[in-house]
Amino acid sequence: AYEGHPRNLLVDGKKNKYRSVHNIEFDYGEHDWIIFKIKHSGFIRQYLPKAIMVKNSSGTQAVKNMVLSIGGKADGKDWYKYTEIELNDQQDEYQQIMLDGVDWRAVKQMRAQFIKLELIKNHGEARGQQCRFKWHEFKLFGLEFK
C-alpha cells in the first residue's frame, strides 16, 4: 500500500508522512501540489487562515520552499497566493509560520474554501528514483468570519 497519501499530513505522529512521486516523474520546473477543502466552510461559514504549523521531514527530501493559496473552487482557476514560505529540515520540531499576502475581503467572499499547498523546492534531493518531497504534518489555524 502507498504510504505517502496527502491525508497523512493531517494526522499527528511521526509514523504518518506524505511522499511525493519520484523525481524522474516530474517535468522540468514542475511543482508538486495538494488541495484540501477547509472543513465546514460554505455559505454559512467562512474562515480566514492566519497561520500554519508544519512538521517537516529531515534530509534532502524535506520541503524547503512552498506556497499556500486559498480559493473558492478546487478547479484551480482563482487562487489567492500567500507569501512564499521557507522551511528548515528539522524533523522533530514544529515550525510555525504566520500567513501574509492575501486580502481578507477576498477570502470572506468565498462560499467554499480550499487550500492549495504548492511544494516548490526540496533541500537538494535530485536522484531520479527518490521521492522529491517528504514531510510529516500540516496544521492550519485561523479565524471564523461572523
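Buried means under 20% relative accessible area, exposed means over 50%, and partly exposed lies in between (1.4 Å probe, protein chains only). This is a predicted model, in which local features need pLDDT of at least 70 and side-chain atom pairs count only at pLDDT 80 or more, while totals for chains, interfaces and linings use all residues. Residues are numbered from 1 along each chain as its sequence is written, and side-chain values use heavy atoms, with hydrogens and water left out.

**Stop 1: Lys-139 and Glu-137**

Select Lys-139, which is partly exposed at 22% relative accessible area. Its side chain forms a salt bridge with that of Glu-137 (3.8 Å, N to O); the term means a side-chain nitrogen of Lys or Arg within 4 Å of a carboxyl oxygen of Asp or Glu. Glu-137 is buried, at 1% relative accessibility. The structure has eight salt bridges.

**Stop 2: Glu-144**

Arg-45 forms a salt bridge with Glu-144 at 3.6 Å, N to O. Arg-45 is in the loop between strand 2 and strand 3, and Glu-144 is in strand 9, 99 residues apart. Strands are DSSP runs (E, at least two residues), numbered from the N terminus; helices are H or I runs of at least four. Lys-146, exposed at 84%, also forms a salt bridge with Glu-144 (3.9 Å, N to O).

**Stop 3: the rings**

Which residues do ring pairs link into a cluster? Select Phe-36, Trp-135 and Phe-138. Rings of Phe, Tyr and Trp (its six-membered ring) pair if their centres lie within 6.5 Å; planes under 30 degrees apart are stacked, over 60 edge-to-face, and the rest tilted. The whole structure has four aromatic pairs. Phe-36 and Phe-138 are stacked because their ring centres are 6.5 Å apart and their planes are at 10°. Phe-36 is in strand 2 and Phe-138 in strand 9, so this pair ties together parts 102 residues apart in sequence. Phe-138 is buried, at 5%.

**Stop 4: the core**

Finish with the largest nonpolar core, which has 28 residues; Ile-52 and Phe-138 are among those that touch the most other members. Such a core is a set of buried Ala, Val, Leu, Ile, Met, Phe, Trp, Tyr and Cys residues joined through side-chain atoms within 4.5 Å.
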